[in-house]
Structure formats: C-alpha cells, structure tokens
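This briefing is for a reader who has not seen the structure before. Please look over the sequence and the model first, then read the points below.

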Amino acid sequence: MATANKICSLGRRINRFAACVSGAITLFIILWGCTASDFNAGAIAWKTYTNSRYGFEFPYPSNWTSLAAPANDDGIAFISQQDNSVEIRGWASQQLPNSIVTNQESVKKIKPNFQTAQGVSGVMVVEVDQRIGLMTLTLTQSQVKYCWQGRSKSQKFQDYYRLFYYIAQQYRISKS
C-alpha cells in the first residue's frame with residue numbers, strides 16, 4: 001500500500017510540474033507574440049476620453065463603444081465592436097493619507113517600471129492566466145490614484161498587447 005501511495009504522490013508531482021511548465025511555455029509564447037512591431041497607431045481613428053472629475057485622459061479607438069459611466073464619474077470603460085470581451089477602462093480615486101492607515105506594512109510601495117509619454121512614472125502589471133489577459137497601469141499623484149486597464153481573453157491578448165501598451169503610454173494627467 002505504501003508503494004502505491006508513493007507512486008500516486010509522484011504522479012501528482014509530475015502533473016503539477018507539467019502544468020507549471022506548460023503554463024510558463026504558454027505565457028512565453030503569448031508575450032513573445034506581443035513583441036511584434038506591426039502595430040501602427042496612425043492607422044487607427046482615435047477619440048479621447050477626458051475625465052473632468054479627476055483630470056485624466058486617454059485615447060481609445062473611435063469605433064469602440066462606451067459602457068455606462070458610473071454615477072460617481074470616476075471613470076469609464078470601452079469595448080471593442082469586433083469582440084465585446086476586449087475592453088479598456090480608466091478610473092481614479094482618492095487615496096487615504098498614510099497617517100490614517102494604521103498598519104504601515106499594508107502600504108507596500110512597488111517601484112515604478114513604466115513612464116507615460118507625458119513623463120509620469122507608474123507601475124505596469126501584465127497578468128495572463130488561462131482565461132484572461134490584463135495590462136494594468138497605476139499612477140499616483142498627490143492623493144489621487146489613477147488606473148488604466150486593457151483586458152482580453154488570454155488567447156487573444158497577444159493581438160491586443162501593442163494597442164493596450166500604446167494607450168497606456170498616451171495616458172495623461174492634467175497639470176493642476
């Protein structure tokens with residue numbers, strides 16, 4: 001009986017390892033496809049969304065449809081007319097001052113790894129799992145946290161990566 005348990009345990013370990021390796025290979029293939037340089041921003045007709053409450057703006061393809069804006073006017077989302085599972089969204093919110101946050105360890109600072117064309121530094125995170133691919137940009141100025149996100153099904157993420165990246169680069173915050 002002990003031998004059967006060891007074999008089962010080994011089989012589970014092999015399956016977990018294979019799943020990790022196949023996931024890593026899939027992610028590599030997706031991100032490798034994302035480096036394609038065939039994106040041409042000039043070939044797209046653009047509009048600009050401007051948020052008057054928080055003073056930010058970003059371009060979006062003119063043929064994309066806006067979803068209903070929230071009543072608090074903190075942002076908006078747009079979906080592609082060709083594939084309504086592809087969306088971009090931008091929003092902002094007031095942050096609590098550090099003095100109000102009781103547990104300073106819960107306030108983790110992530111070093112900026114991205115800069116917009118305007119010169120604002122922020123954090124760009126790309127996450128791809130088996131279902132969804134996300135590109136999220138977070139910028140913080142004064143007590144406002146600005147966020148922008150591009151989202152698609154993971155198997156199509158490589159098709160939208162360059163578009164999402166371009167829009168994130170063009171994200172602007174009004175000078176106050």
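Leaving aside neighbours within four places in sequence, Tyr146 is in contact (heavy atoms within 4.5 Å) with Tyr54, Phe56, Trp91, Ala92, Leu137, Thr138, Leu139, Gln141, Tyr171 and Ile173. The model is predicted: local features need pLDDT of at least 70, side-chain atom pairs count only at pLDDT 80 or more, and totals for chains, interfaces and linings use all residues. Residues are numbered from 1 along each chain as its sequence is written, and side-chain values use heavy atoms, with hydrogens and water left out.

**Nonpolar core**

- The largest nonpolar core has 29 residues, and Phe58, Ile88, Tyr146, Trp148, Phe164 and Tyr171 have the most contacts inside it.
- Such a core is a set of buried Ala, Val, Leu, Ile, Met, Phe, Trp, Tyr and Cys residues joined through side-chain atoms within 4.5 Å.
- At least two residues of this core come from each of β2, β4, β5 (87–94), β8, β9 (144–153) and α2 (157–170).
- The element that gives the most to this core is α2, with 7 residues.
- Helices (H or I, at least four residues) and strands (E, at least two) are DSSP runs, numbered from the N terminus.

**Aromatic residues**

- One aromatic cluster is formed by Tyr49, Phe56, Phe58, Tyr60, Phe78, Tyr146 and Tyr171.
- Rings of Phe, Tyr and Trp (its six-membered ring) pair if their centres lie within 6.5 Å; planes under 30 degrees apart count as stacked, over 60 as edge-to-face and the rest as tilted.
- Across the whole structure, a search finds 16 aromatic pairs.
- Tyr49 and Phe56 make a tilted pair, because their ring centres are 5.9 Å apart and their planes lie at 55°.
- Tyr49 counts as buried at 10% relative accessibility, and Phe56 is buried with a relative accessible area of 1%.
- Buried means under 20% relative accessible area, exposed over 50%, and partly exposed in between (1.4 Å probe, protein chains only).
- With ring centres 6.2 Å apart and planes at 80°, Phe58 and Phe78 form an edge-to-face pair.
- That pair links distant parts of the chain, with Phe58 in strand β2 (residues 56–61) and Phe78 in strand β4 (residues 75–79), 20 residues apart.
- Phe58 is buried at 0% relative accessible area, and Phe78 counts as buried at 2%.

**Strand pairing**

- Strands β7 (residues 121–128) and β6 (residues 114–115) pair in the antiparallel sense over 2 bridges; pairing requires that DSSP finds at least two bridges between two strands.
- Gly122 in β7 is the bridge partner of Phe114.
- The hairpin of β6 and β7 has 5 residues between the strands, and Gly119 there takes a positive phi near 95°.
- Strand β8 (residues 132–141) pairs with β7 in the antiparallel sense over 6 bridges, and a hairpin of 3 residues joins β7 to β8.
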